[in-house]
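Trainee: Could we go through this model together, taking one feature at a time?

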Amino acid sequence: MVMEQSTIGSEVEFLADLAHSGVAETLTPKQRRAIHVETNLGAFLDQALDDGKQVVLTGNPGDGKTQQILREQERHPEGEYYYLLDASTYEYEVLLEEWQEALEEGRGGILAINDGPLYDMVTRFIHEYPFLETVQEQLEQQLVYGEEKISISSDKIIIIDLNNRNILVPDIIDEAIDTFASEIAQGGHDHSGTCQVQYNANKLSDHAEIRENLKDLLIEAGKLGDHVTVRDLINFLCYCLTGGRSECITDFDESLKYYNLAFSGEGKLFELFRTHFHPRTLTHPFVDNQLWTEAEEEVDPRDVEDAREEIEEIFLRKKRRFLFEDEMMGLGFESRTLYQEIDYEFLTRRNGATERSKEDLIARINGYFLPNET
């Protein structure tokens with residue numbers, strides 16, 4: 001993807017707007033093309049429209065229904081095809097008449113309808129509009145969209161529930177990093193990596209180890225909470241690039257570095273990071289000891305207790321950085337050992353702690369310090 005040339009300010013402002021959850025309806029066609037993250041869904045919709053199918057996209061706000069329809073309109077012009085961006089703005093009878101007319105004329109199309117209104121409409125009008133029987137049947141069978149290749153149904157109408165789409169998979173995350181960090185954030189700048197946007201973009205896009213750790217963290221986060229939308233992912237990446245600032249800052253401090261921004265934004269992925277990857281709770285005896293020692297050396301206090309808060313803040317910052325830059329920091333451990341693929345019995349017991357395992361862990365610790373006591 002190549003973004004059309006624009007000024008530095010407009011690109012950074014654009015990313016900052018997306019960092020604060022700017023949505024597809026407010027974007028220009030040029031901006032929609034620039035941010036489009038290609039998935040199997042796009043190829044499926046192309047084929048479905050070419051075959052004259054009617055595709056109903058259901059799901060949550062932010063799942064990408066509007067973005068997909070607006071993109072398809074550029075390739076399959078309205079008039080020849082039937083599009084409905086938001087069914088909630090229609091009276092059911094008006095919507096059903098338009099839909100039925102499009103079906104009778106053999107026009108393919110895409111309709112965006114949230115689950116609740118779709119069920120309500122089918123229940124109330126199925127006897128008046130026979131084509132709703134197909135919709136009801138597919139709803140009952142729960143035809144859903146997955147990142148695997150999708151086969152075209154023989155039915156004229158196809159229901160796709162984007163609420164079941166997992167966008168936190170390697171291919172989509174890579175595509176999103178390439179789109180936002182490698183292309184939009186890099187375009188037009190003349191700061192040689194010295195502003196916060198280019199610094200963060202270079203780290204996320206040009207360092208294979210950081211990119212892989214970012215993907216691992218996002219994939220793990222996707223297993224730990226509610227459904228994550230395309231908008232959530234874009235919001236997260238753009239905030240990690242800009243810090244929500246609409247201008248480039250060349251004299252920036254640690255707070256605007258991506259590994260701290262990943263824990264300081266507002267949105268679903270930030271909450272997941274703060275809940276499940278917080279440095280205070282994601283402990284590792286060897287890593288923590290070394291990072292705390294380094295933090296003490298940086299502060300070099302006469303009295304460690306008096307400087308404890310300052311030391312802890314440096315330690316937490318180093319720990320957040322370690323999650324992404326483990327190998328680059330040379331500690332001899334991979335960051336993923338803190339939250340997956342855990343080989344140490346101490347960590348296994350801590351992470352899966354029950355009352356019994358806690359008692360066993362306490363007994364083991366006591367046994368180390370007092371080996372002759374039962």
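**Cysteines and a helix pair**

Mentor: The structure holds 0 disulfides, a disulfide being a pair of cysteine sulfur atoms within 2.5 Å. This is a predicted model, in which local features need pLDDT of at least 70 and side-chain atom pairs count only at pLDDT 80 or more, while totals for chains, interfaces and linings use all residues. Residues are numbered from 1 along each chain as its sequence is written, and side-chain values use heavy atoms, with hydrogens and water left out.

Trainee: Is Cys-238 buried or exposed?

Mentor: Cys-238 is buried, at a relative accessible area of 0%, whereas Cys-248 is partly exposed at 23%; buried means under 20% relative accessible area, exposed over 50%, and partly exposed in between, with a 1.4 Å probe and protein chains only.

Trainee: At what angle do H8 and H9 pack?

Mentor: Two packed helices are described by the angle between their axes and the distance between the axes. Here H8 (residues 170–184) and H9 (residues 196–206) pack at about 145°, with axes 8 Å apart; axes are lines fitted to C-alpha atoms over the stretch in contact, and angles run from 0 to 180 degrees between N-to-C directions. Ile-177, Ala-181 and Ser-182 of H8 meet Ala-201, Leu-204 and Ser-205 of H9, contact meaning heavy atoms within 4.5 Å.

Notes: Helices (H or I, at least four residues) and strands (E, at least two) are DSSP runs, numbered from the N terminus.
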